[in-house]
Amino acid sequence: MQASSDGVLVLMHDTDVDRTTDGIGKVSDLSLADFQQIDAKRPKRPRPEQERVWASVMKPANEVIGEAFSEARLRDPDRTKQWVGLIDGNKPQLNEL
């Protein structure tokens, strides 16, 4: 959680908007009006096909990870595909994997 230049709380992982939006600048240097002009939906790179992202602030990590593995087994019962899991390095998440 960070504050914009005019004191509005902004939930953003990065300290700037460059990587995840079409805007440029630090969160703390941008106003609410600036954020209303930024497009966070436009992809900056090609999107992979069949992509699914699991994330939750409502469920524990072990439940979310379990759901991801269950769906992977359903989609690839013969286990012929390679799967990639990206996590933020959180120790409980690493232990679950």
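The conversation below goes from the whole chain to single residues.

Biologist: What kind of model is this?

Modeller: This is a predicted model.

Biologist: How many helices and strands are there in the chain?

Modeller: The chain has three helices and two strands. Along the sequence they come in the pattern β-β-α-α-α.

Biologist: And what share of the 97 residues is buried?

Modeller: Buried residues account for 16% of the 97. The accessible surface of the chain is about 8,200 Å², and carbon and sulfur atoms hold 53% of that surface.

Biologist: What share of the contacts with a separation of 6 or more comes from residues 24 or more positions apart?

Modeller: Such residues account for 28% of those contacts.

Biologist: You mentioned Gly 25. Where does it lie?

Modeller: Gly 25 is in the loop between β2 and α1. Its relative accessibility is 21%, so it counts as partly exposed, given that buried means under 20%. Not counting residues up to four places away in sequence, Gly 25 touches Asp 16, Val 17, Asp 18 and Leu 30. Gly 25 and Thr 15 are ten residues apart along the chain, with 8.7 Å between their C-alpha atoms.

Biologist: And Thr 21, is it buried or exposed?

Modeller: Thr 21 counts as buried, because its relative accessibility is 5%. It lies in the loop between β2, residues 9-10, and α1, residues 32-37.

Biologist: What does the side chain of Thr 21 reach at 2.6 Å?

Modeller: The side chain of Thr 21 reaches the backbone oxygen of Val 17 at that distance. A polar atom of the Thr 21 side chain also lies 2.9 Å from the backbone nitrogen of Gly 23.

Biologist: How far apart in space are Thr 21 and Ala 40?

Modeller: Their C-alpha atoms are 4.3 Å apart, while the two residues are 19 residues apart in sequence.

Biologist: What about Ser 31, buried or exposed?

Modeller: Ser 31 has a relative accessible area of 16%, so it is buried. Ser 31 is found in the loop between β2 and α1. Not counting residues up to four places away in sequence, Ser 31 touches Ser 4, Ser 5 and Asp 6.

Biologist: Changing topic: how does the span of helix α2 agree with what 1.5 Å a residue should give?

Modeller: Helix α2 has 15 residues, 61-75, and at 1.5 Å a residue it should span 21 Å. The C-alpha atoms at its ends are 21 Å apart, which agrees.

Biologist: Which residues in α2 are buried?

Modeller: In α2, the residues Val 64, Ile 65, Ala 68 and Ala 72 are buried. They lie on the same side of α2, because they cover an arc of only 95° around the axis.

Biologist: What follows in the loop between α2 and α3?

Modeller: Trp 83 has its place in that loop, and α3 covers residues 91-96. With a relative accessible area of 42%, Trp 83 is partly exposed. Leaving aside neighbours within four places in sequence, Trp 83 is in contact with Ala 72, Arg 75 and Asp 76. Ala 72 is one of the buried residues in α2.

Biologist: How far is Trp 83 from Phe 69?

Modeller: Trp 83 and Phe 69 are 9.7 Å apart in space, C-alpha to C-alpha, and 14 residues apart in sequence.

Terms used:
Residues are numbered from 1 along each chain as its sequence is written. This is a predicted model: local features need pLDDT of at least 70, side-chain atom pairs count only at pLDDT 80 or more; totals for chains, interfaces and linings use all residues. Side-chain values use heavy atoms; hydrogens and water are left out. Helices (H or I, at least four residues) and strands (E, at least two) are DSSP runs, numbered from the N terminus. Buried means under 20% relative accessible area, exposed over 50%, partly exposed in between (1.4 Å probe, protein chains only). A polar contact is a pair of N or O atoms within 3.5 Å; within protein, one must be able to donate a hydrogen and the other to accept it, and residues adjacent in sequence count only if both atoms are side-chain atoms. The expected span of a helix is 1.5 Å times one less than its number of residues. The arc is that of the directions from the helix axis to the C-beta atoms. Contact means heavy atoms within 4.5 Å. Accessible areas come from the Shrake-Rupley method with a 1.4 Å probe; for residues, only the protein chains shown count as cover.
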